[in-house]
Amino acid sequence: MQDLDLPTSPLPGSLGSCSVPSMDSTSTLGTDVTPSKYKWALVTGCDHGLGTALVQELIRRNYHVIACRFHPEETVIDGIARENPYLVTVRLLDIASDQSVQSLKDSLSSLVPCIDLLINCAGILGDMESGPDDELNFPRMLDVLNVNALGTLRVTAALLPLVENSQDKTVLNISSEAGSIGDCERTGWFGYCMSKSANNMQGALIHNTLRKKGGQVIQMHPGHVATFMRGHLDTTAALTPEESASALLHTVLDQKLPVGDRPLYIDYAGHPLPF
Ligand SMILES: NC(=O)c1ccc[n+]([C@@H]2O[C@H](COP(=O)([O-])OP(=O)(O)OC[C@H]3O[C@@H](n4cnc5c(N)ncnc54)[C@H](OP(=O)(O)O)[C@@H]3O)[C@@H](O)[C@H]2O)c1
């Protein structure tokens with residue numbers, strides 16, 4: 001990235017404008033991706049897993065990225081930011097907290113002019129074991145709902161003016177096939193499945209505002225990805241985080257997805273899911 005004709009501050013940009021420097025011919029960007037001309041993205045849940053991989057793929061596409069991590073001791077993303085000082089800035093963010101989201105919003109107001117691509121990736125799993133005949137842990141379910149559903153809305157609502165100020169005005173919510181009521185076959189995972197259905201609904205409500213301003217919300221299932229979401233590396237998964245992130249962004253950024261009256265609910269490869 002040192003070859004690029006970029007200003008020297010980590011996150012250059014002037015308020016009220018999303019105009020950014022054009023790409024220098026010495027760019028090392030590959031030919032299989034659509035270059036961003038230095039657009040702005042913000043990703044939540046970047047401690048590890050899919051969030052980290054999304055940041056790396058966005059760097060490859062020359063986005064300026066605000067990478068939000070949750071845990072103060074999960075510092076992989078800080079190393080990535082050190083290697084890409086012109087493109088990545090790290091922020092601490094707890095999407096379950098009004099105060100934390102407000103602090104993020106305040107800290108961005110003088111730093112970024114807009115957010116072209118807001119990726120709500122942060123999420124938690126909760127209890128996968130209990131069925132209706134078991135003792136259900138409602139406080140735990142509330143935590144899951146507060147992160148996966150309300151947390152996503154908390155972030156989007158706070159940052160919507162920045163999204164609306166951008167060229168692309170795209171909100172990408174990492175939902176899950178588990179949020180599909182039409183395809184529901186499970187007998188448990190109450191908190192997770194309900195929270196992802198609610199995530200889909202808040203995405204539809206935001207889409208109804210954003211589409212009238214030329215933007216859109218996309219609800220996406222990233223596939224079964226080998227992450228530590230279950231508390232250990234899920235070796236049964238079909239995709240690595242890098243494969244999922246690359247496919248997700250290829251679908252969203254390299255293909256002309258239609259903007260309809262309702263948000264798209266698709267998997268990483270662009271296949272539709274039933275709400
Ligand atoms: N893996 C899959 O197969 C799969 C399938 C469908 C959908 N998804 C979705 O994909 C997204 C990414 O999951 P992943 O598989 O990459 O798992 P992951 O590695 O556990 O990533 C989740 C991220 O969210 C962070 N997080 C948790 N609570 C948070 C909070 N209150 N505020 C901000 N960040 C918080 C986690 O931080 P810490 O871990 O440091 O606490 C972690 O960085 C999630 O929304 C998940 O539901 C995953």
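**Helix packing and the ligand shell in a predicted model**

Helix α1 and helix α6 (residues 241-254) pack with their axes 8 Å apart, at an angle of about 55°. The structure described here is a predicted model. Two packed helices are described by the angle between their axes and the distance between the axes. On the α1 side, the contact is formed by Gly 49, Leu 50, Thr 52, Ala 53, Leu 54 and Glu 57. From α6 come Pro 241, Glu 242, Ser 244, Ala 245, Ser 246 and Leu 249. Sorted by class, the residues of this contact of α1 with α6 are six nonpolar, four polar and two charged.

A second pair of helices can be read in the same terms. The axes of α4 and helix α5 (residues 190-210) come within 8 Å and cross at roughly 20°. Since angles under 35 degrees count as roughly parallel, α4 and α5 are therefore roughly parallel to each other. The crossing of α4 and α5 is right-handed. Helix α4 contributes Arg 140, Met 141, Val 144, Leu 145, Asn 148, Ala 149, Thr 152, Leu 153 and Thr 156 to the contact. Among the residues that α5 contributes are Phe 190, Tyr 192, Met 194, Lys 196, Ala 198 and Ile 206. The contact of α4 with α5 comprises ten nonpolar, seven polar and two charged residues.

Attention may now turn to the ligand. There are 30 residues around the ligand, of which Gly 45, Asp 47, Gly 49, Phe 70 and Gly 123 come nearest. The elements giving two or more residues to this shell are α1 (49-60) and α4 (138-164). Helix α1 gives the most, with three residues. By class, the shell around the ligand holds 15 nonpolar, twelve polar and three charged residues.

The protein has six helices and seven strands, and from the N terminus on its elements run β-α-β-α-β-α-β-α-β-α-β-α-β. Of the 275 residues in the protein, 44% are buried. Among contacts between residues at least 6 apart in sequence, 68% join residues at least 24 apart.

Notes: Residues are numbered from 1 along each chain as its sequence is written. This is a predicted model: local features need pLDDT of at least 70, side-chain atom pairs count only at pLDDT 80 or more; totals for chains, interfaces and linings use all residues. A residue is near a molecule or strand if its C-beta atom, placed from the backbone, lies within 6 Å of it. Helices (H or I, at least four residues) and strands (E, at least two) are DSSP runs, numbered from the N terminus. Ala, Val, Leu, Ile, Met, Phe, Trp, Tyr, Cys and Pro count as nonpolar, Asp, Glu, Lys and Arg as charged, and the others, Gly among them, as polar. Axes are lines fitted to C-alpha atoms, for helices over the stretch in contact, and angles run from 0 to 180 degrees between N-to-C directions. Angles under 35 degrees count as roughly parallel, over 145 as roughly antiparallel, 65 to 115 as roughly perpendicular and the rest as oblique. A crossing is left-handed if the near helix is turned anticlockwise from the far one by less than a right angle, and right-handed if clockwise. Two residues are in contact if their C-beta atoms, placed from the backbone, lie within 7 Å. A residue is buried if 20 or more other C-beta atoms lie within 10 Å of its own, exposed if 12 or fewer, and partly exposed in between; C-beta atoms are placed from the backbone.
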